[in-house]
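Take a look at the structure first, then follow the topics below.

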Amino acid sequence: METFLTILLDGLQFSSYLFIVSAGLTIIFGVMKILNVAHGSFYAWGAYTAAFFIGKFSDMGMPDAMGFLIIIAAAIVVGLILGFVIEQGILKYMYHRDEVLIVLATFGLFLVLEDIILIAFGTDPYFAYQPMALLDSVELGGIIRDVYGLTLIAVAALVALGCWYLLNKTKWGTLLKAVIYDREMGISMGINVPLVYTLTFIGGAILGGLGGAYIAPTISVAPGLGTEVIVLSFAVVVVGGMGSIAGAAIGSIIIGILRALAVHELPQVELFVVFAVMAVVLVFRPEGLFAPAKPRKI
Amino acid sequence: MKHNYLARAVGLAAISAMTLGAGSALAKDAITIAVPSFLTGGAAGPFGIPAMNGAKMVADAINAGKLPAPYDSKGFGGATATIEAIDEGGGATKQVAEYRNLVEKRGVDAVVGYISSGNCQALAPIAEELKQFTIFATCGTPRIFEEAPRKYVFRTMGHATADNVAAAMYVKEKYPDLKGYTGINQNYAWGQDSWRDFDLTLKQIMPNSMASDKTQFPKIFAGQYGSEISAMSLDKADLIHTSFWGGDLEAFIFQGNARGLFKKKIGVFTVGGTAAYRLGKKLPDGLVLGARGPYGILVRDRDSALNQWFVNTYKNLYGTYPSGPAYQYGQAILAAKIAYDKAGSDASDEALGDALRGITFESFSTTVEMSLGGGHQAVTENGYGITKYDDENGENVVTDVKFYPGSCIMPPEGVNSVDWIKGGMKGAKC
């Protein structure tokens, strides 16, 4: 029972981290049909910005609880600035181009943003342990867990709830769904599609930044951390179905739980399991488990 | 007749002058040494940058003739060396292409460096193919010289077997009642070799202690170890072995510390020395800490002139004490100087290899014997200690430090590491 509870919590914690990052990736793809490789950089910038300011504020003697505000602020600022500049400065001019070209452009952006991180923050890792230290630890299932890690599950649930509410209960969500369903029809019905694109990209970037900012207190924030996450996020999005928030959630849970199970019971296959799930899904359901239905145009 | 003698004398003088002139035209005033190290990625801050700092500091001192005796002659065989810093990031495929570029297009005189075992493993055959004098500074897999004989490739520090045999011996002395052990190591040559050697040694010297059947091998640079920490917390093993390094090492310490892992289990960190100066109070007390040899925090107080020069110059230049990688790269540059001094600045790659092969030299913190792998692989002592935060001075220190001689922790010449350990470490002189 102890092992079961531990695997469940480990799985959910890892799933939560995957979901927060991949939700932004899948929203951008769903609305804009852009496979955004630069999403890993949003994550990295979120982590760096949060770690940098948490460290600075701590040095100034500010209370450690400020760290939580900094995390939220870092995600919003990074998403707003990077999202706006990239969408308005580059992607806007590429929408009529082939999707593969846009992927290459975002890959180039990813490399540029990684190098800017090196220039801005240097090569030394940053530590922002204060928020994690503030929440202390608790014994669950016979082992000690840091409470901060557990709050990640709550944050992911809030993100999922927020996305669901936005898409299903607001006028903005209706407009988004209309653009996802048929862009041309949306334009003809008077929807300001360029504005929808800009806001969607910024929203996705904020989620990417939030993933990085929230995970920063638990890791050594070092150059290159965006690379690892983008690979895992693609696996999640492929499993869940590209463009589907529910798919990203289910994909994250499947991968997170199976990975935790492998680590506990058969560590030799831990690396293999994530991509094995992806391969199986691609064989039997190439569009992913929860890919949104596509209209057939006549 | 007199005239004939004069003509001969003039002719002889002319030939001598031509010979001398030709000699000075061949001798180089300047050489270029490529120094690859991680300048980007998670390994840069804790490993790559200190390593590069150590290499540059020693090369600058050699160029200026400011190293303590017996290395106080100016230059590398008299030549001034330019250090060309190369980023080791990007994986083995990129490094092979970069190495070919350095040798074939840019024509560097020597290559000194490399941290990753994966890179060294991939580059050793390329260096042999290109016949390029190359010194591996830090990478640790024993396979480099055990899988094939080398002519142009050298390594000036001990390999993973020394780290892990020494760790096992230290564990036996400090924790004789150890019942079980597990490990978390990166899933590539370095991590796999490290665990294998530690596990095999403990099986030999502590046969009553059981290895866990759930040892962890996460991907290198994974960064998050929540599930692994849970699995190890639930494991009955009372000791955790890790050869984590760089950002992975620091992330694991953070996450494990927050979850009380190191209060429940003994942590053995074979490369933990790099974290000692960087993490300060966040490094838990009571960890068994190694530095991949007699380097860094383990030897800070050794009072030889060479070591005190190294420690004080590094502290003055970079504002922190030198960690293991700084020492290891400095040591490799020193070995290059010794080779050039002996063979001459215009020496061929073969001559440089001949000059370094099988020698024993005094380095900054230890004596280096190039006695394995046909004289290409160094043997040095190796040591471990226990971490403790010194509140008075506000820094980490190590207590209970013990060093094991190289002849005790590395196999004799011609014997494979694994066979040596499995065979009961015959010939070990402890």
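**Chain B at a glance**

The centres of domain 1 of chain B and domain 2 of chain B, taken over C-alpha atoms, are 26 Å apart; the domain bounds come from an automatic or database domain assignment. This is a predicted model, in which local features need pLDDT of at least 70, side-chain atom pairs count only at pLDDT 80 or more, and totals for chains, interfaces and linings use all residues. Residues are numbered from 1 along each chain as its sequence is written, while chains are lettered from A and ligands numbered from 1 in the order in which they are written.

**The two domains**

- In chain B, domain 1 covers 26-159 + 303-379, and domain 2 covers 161-300 + 381-422.
- Their contact (C-beta atoms, placed from the backbone, within 7 Å) takes 31 residues from domain 1 of chain B and 34 residues from domain 2 of chain B.
- On the domain 1 side of chain B, α13(B) gives the most, with four residues; helices here are DSSP runs of H or I with at least four residues, strands are runs of E with at least two, and both are numbered from the N terminus.
- That domain 1 side of chain B holds 12 nonpolar, 16 polar and three charged residues (Ala, Val, Leu, Ile, Met, Phe, Trp, Tyr, Cys and Pro count as nonpolar, Asp, Glu, Lys and Arg as charged, and the others, Gly among them, as polar).

**Meeting chain A**

- Chain B puts 34 residues in contact with 34 residues of chain A.
- α2, α8 (226-234) and α9 (246-258) of chain B each supply at least two residues of the side facing chain A.
- α8(B) provides the largest share of that side, seven residues.
- By class, the side of chain B that touches chain A has 12 nonpolar, 16 polar and six charged residues.

**A helix pair**

- Helix α6 (residues 160-174) and helix α7 (residues 189-205) of chain B pack at about 40°, with axes 8 Å apart; axes are lines fitted to C-alpha atoms, for helices over the stretch in contact, and angles run from 0 to 180 degrees between N-to-C directions.
- α6(B) is therefore oblique to α7(B) (under 35 degrees is roughly parallel, over 145 roughly antiparallel, 65 to 115 roughly perpendicular, and the rest oblique).
- The contact of α6(B) with α7(B) has nine nonpolar, four polar and four charged residues.

**Confidence**

- Chain B has a mean pLDDT of 92, with 94% of its residues at 70 or more; pLDDT is the predictor's confidence in each residue, from 0 to 100.
- Residues 12-25 of chain B have pLDDT below 50, and this stretch has zero contacts in the model beyond near neighbours in sequence.
- The model scores ipTM 0.88 and pTM 0.86.

How values were computed: Two residues are in contact if their C-beta atoms, placed from the backbone, lie within 7 Å.
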